[in-house]
Amino acid sequence: SSPHQPGAPATGYGWSVKKLIREIVLSHAFQMSSEPNPDGMKADPENRLFSHMNRQRLDAESIRDTILCVSGQLDRTTMGNTIKKGTTAERDYQFTDVRRSVYTPIFRNRLLELYEVFDFPDPNMVAGKRNVSTVPTQALYLMNSPFIMTQARFAAEATLKQAEMKDGDHIDLAYRKSLGRLPTERERQLAAEYVSAGSSPDQRLAAWERFYQTLFACVDFRYVN
């Protein structure tokens with residue numbers, strides 16, 4: 001339907017969802033910072049009037065995709081099968097692919113572990129809104145999951161292959177890729193002391209691996225300002 005035809009939306013977007021989304025994401029309200037200002041906090045401490053953007057946690061799929069992107073393992077292939085060929089049952093299905101999370105199989109009785117931990121909706125239920133919880137199992141998963149540790153090692157290996165860069169530059173890049181910002185001076189100092197503590201290649205690799213895992217596990221990684 002054209003905006004000029006009878007019955008068309010008065011906004012002028014017609015039936016174009018893309019135009020509507022573009023208008024929303026380019027709006028002042030959508031681009032507001034999550035940092036509150038003193039006047040707004042005083043007048044509206046609960047931010048009911050949206051004087052600033054509320055901090056939002058990444059959903060399970062975004063957490064997974066971001067980790068894979070930082071580690072350099074994200075497979076951006078589009079289309080094709082999402083379930084492994086030869087799969088006859090979901091019970092023992094192994095989620096080993098590194099494609100974007102939109103291609104991760106969703107079974108009624110078996111979910112990717114990361115999805116279970118970070119509030120992916122129950123496939124057996126109809127959910128209009130996702131639950132957003134903060135529970136100890138989320139921190140434990142980020143500290144102990146083989147998936148997280150493997151991706152941290154991949155990120156560390158990629159870092160150490162760039163021998164022409166200094167540790168300080170690597171730290172800045174790691175923060176920008178993981179948290180979308182540069183480290184504070186204190187964060188940079190602590191990180192530099194930590195990753196430079198080892199002298200042998202194995203020690204440096206282990207230090208960088210734990211550094212990346214720490215970034216994956218920190219609160220700033222899971223929340224968007």
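Which residues does Phe118 touch, not counting residues up to four places away in sequence? Select Phe118 and look around: Arg57, Ala60, Ile63, Gln138, Tyr141, Leu142 and Arg222 are in contact with Phe118, where contact means heavy atoms within 4.5 Å.

**Before you go on**

This is a predicted model, in which local features need pLDDT of at least 70 and side-chain atom pairs count only at pLDDT 80 or more, while totals for chains, interfaces and linings use all residues. Residues are numbered from 1 along each chain as its sequence is written, and side-chain values use heavy atoms, with hydrogens and water left out.

Now colour the chain by pLDDT, the predictor's confidence in each residue, from 0 to 100. The mean for the protein chain is 84, and 95% of its residues reach 70 or more. Then select residues 1-10: here pLDDT stays under 50, and the model has eight contacts beyond four places in sequence for this stretch.

**Stop 1: the core**

Next, select Leu114, Phe118, Phe211 and Tyr212. In the largest nonpolar core, which has 34 residues, these four touch the most other members. Such a core is a set of buried Ala, Val, Leu, Ile, Met, Phe, Trp, Tyr and Cys residues joined through side-chain atoms within 4.5 Å. Buried means under 20% relative accessible area, exposed over 50%, and partly exposed in between, with a 1.4 Å probe and protein chains only. Among the helices that each supply at least two residues of this core are helix 3 (60-71) and helix 9 (201-217). Helices here are DSSP runs (H or I, at least four residues), numbered from the N terminus. Helix 9 gives the largest share of the core, six residues.

**Stop 2: Ser178**

Move to helix 7, where you will find Ser178. Why does Ser178 count as buried? Because its relative accessibility is 6%. Leaving aside neighbours within four places in sequence, Ser178 is in contact with Val70, Leu215, Phe216 and Phe221.

**Stop 3: helix 3 and helix 6**

Finally, show helix 3 with helix 6. They pack at an angle of about 30°, with their axes 7 Å apart; axes are lines fitted to C-alpha atoms over the stretch in contact, and angles run from 0 to 180 degrees between N-to-C directions. The two helices are therefore roughly parallel to each other, a label for angles under 35 degrees. To see the contact, select Arg64, Ile67, Leu68, Val70 and Ser71 of helix 3, then Phe147, Ile148, Gln151, Phe154 and Ala155 of helix 6.

Key: Angles under 35 degrees count as roughly parallel, over 145 as roughly antiparallel, 65 to 115 as roughly perpendicular and the rest as oblique.
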